[in-house]
Each structure stands twice: as C-alpha cells, then as structure tokens.
Amino acid sequence: MNESSRILIVDDERHNIKVLTEHLREEYKIMAAKTGEQALNAVQGPKPPDLILLDIMMPGINGHEVCRKLKADNHSMHIPVIFVSALDASDDESHGFELGAVDYITKPFTPAIVKARVRTPIQLKQKSDLLERMASIDGLTEIPNRRNFDGMLERELRRAARNGSLLSLIVMDIDFFKKYNDYYGHAEGDDCLRRVAKALTGCMRRASDFAARYGGEEFAVILPETDRHGAMIVAEKMRLGVVQLNIGHAASDVADHVSLSLGVATVSGHQDSSPVDLVRAADASLYKAKETGRNRVFFG
Ligand SMILES: [Mg+2]
C-alpha cells in the first residue's frame, strides 16, 4: 500500500539526504531537494509528495519559512510536514507545530524512529486522499459529481479571466428519462446513465476537458480554451455518440432510442462572468434545444 507514496526530503546537506533515503527507499518513492526554493518547486509538479521531511537550518529560505509557504498554498497545504533538525530546543519545536507541522525528528536519526514517525502521517494522507476522491466522484456513473464540477468551473473561469481565453460549457439532459425509468425500471435507468456517461467521456479528446454528472439525468461538460464552433462540434459528437449506443426507448416522444438535448454557452475571459451566469446561459440554450424538438444541440 505504501509503495506508491512519495516522500520529499529537503536538506542542504547531501549526507543527511543520503542517510534518510537509505532508511526510507525500500518502502517509499524518494524525492530530494537541497534548498527551500527547490522544495517549493517540487510540490507544484504533477506528482507532489505525500509527506515532506523538512530541515530547518538551510541557507536561503529556511525550513520554517518553507513550511509557512506550503501551508498558505491550497495546492500544498494538505501535505504533511515533519521537521528534521539538530536543534533540540522546545521553543523551536513548538514553533514548528504552530506552523502546521505534524511531527518533529531530531538528528541524529535512527532508522526505526524515522520509519515509525513517517508511517502514520503517510497512512492518514492515503485515507484522506481516498475520501477526497470518493467525495468528488459520482457513485453511479463514476465520473466527477456536481461538487467537483462546481469547483472546476470556478477554477476554469478564473483561469480564462487570467489568460483572457474562451471557455465553453455544454449542459445536457437525456430526453424523456423519467418515462424511461417508468417504462423499463430503475435498474435499467441506472444502466442507461452509466452508458451515457461513458459515451460522453469517450467523446473528449483533451486532458483539460471535463465531464460531470450534474444532477439526475443531467450532465455538464467544461471545455477550456474552446470557442462556440469547437463546443458545437463536441456537443454534436456527444449527441451522435449517445444515438449510436442505440439504447431502445419505447416511451420517448422524439426517437425510438435514448437521445440527448444539449445547450452550449461560451464566454470570453474578458467578460468577467460568474459560474452562475455561464450555467444560466447554457441552461437557456438547453431549454431552446428542448423547445425546438429535442435530440439536438442549441447555442443561444
Ligand atoms: Mg541544514
């Protein structure tokens, strides 16, 4: 269970990094940084550490300052920090805890102590990561849920505003889904939702595109740096993708198979739109798609 956990060792003395690495490398992936600056860069990478062993006395940014910066940043605040130091002053120790460290190891280390001190925060980190994943994924369709979508839309709107780029949103409904459930039963309804979710994610080509289950039979897709034309193409691809699943829907008024109505909205980062504005605009398009016959894409 521990083999994929990463520990970042930060120490200005090569020897200390070497000793700690020897104690820990059998159980963990080890990353090393020789300065506070390097440590702060390492946590911003695509694979941030699950625990940081942080030397206090370092030239440049010292360990306390590194910890303060880590705990002030959303991206790194959840990574547990253990201070490592030759300083054995209790003042220093309590200062470390005030800064948000979970523990304190004094040099010289013994392998048993280092391993024992590291184990618990790593296990807690794994559990909280798992809970975080579970809380952001829809249990039925296994794609991101509404909570996850809300956070992502906010982040992407901020990014669009920073970069002055475009952002598109598609919201969609399965046509006559209540009738589907009434006709085929809820087990079939659940299966239909799962297959539609899979078809939608199968239509996305870029890592930044983001599909979520928005509500009961509603889905939403965030397309960063995508103009109206590009969003219409993706939406039409999704509509066709669900048609091609060819899931029979004898109770539908619009087709003999399961179909989608989709509404598209696009904003420019310069417009200073809120998530509510963008969702409302896409919803208005969706309403038009339904009003004009369903099983279609509409851009309002
Ligand atoms: Mg040092």
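Reader: How many disulfides does the count come to?

Author: This is a predicted model, in which local features need pLDDT of at least 70 and side-chain atom pairs count only at pLDDT 80 or more, while totals for chains, interfaces and linings use all residues. Residues are numbered from 1 along each chain as its sequence is written, and side-chain values use heavy atoms, with hydrogens and water left out. A disulfide is taken as a pair of cysteine sulfur atoms within 2.5 Å, and the sulfur of Cys192 lies 15 Å from the closest cysteine sulfur, that of Cys203, which is too far for a bond. By this rule the number of disulfides is 0.

Reader: Is Cys203 buried or exposed?

Author: Buried means under 20% relative accessible area, exposed over 50%, and partly exposed in between, with a 1.4 Å probe and protein chains only. Cys203 has a relative accessible area of 9%, and therefore counts as buried.

Reader: At roughly what angle do the axes of helix 8 and helix 9 cross?

Author: Helices are DSSP runs of H or I with at least four residues, numbered from the N terminus, and axes are lines fitted to C-alpha atoms over the stretch in contact, with angles from 0 to 180 degrees between N-to-C directions. The axes of helix 8 (residues 186–202) and helix 9 (residues 228–245) come within 9 Å, and the angle at which they cross is roughly 135 degrees.

Reader: Which residues in helix 9 do Arg195, Val196, Ala199 and Leu200 in helix 8 meet?

Author: Contact means heavy atoms within 4.5 Å. On the helix 9 side, the residues met by these four are Met238, Gly241, Val242 and Leu245.

Note on methods. Helix = DSSP H or I, 4+ residues; strand = E, 2+ residues; numbered from the N terminus.
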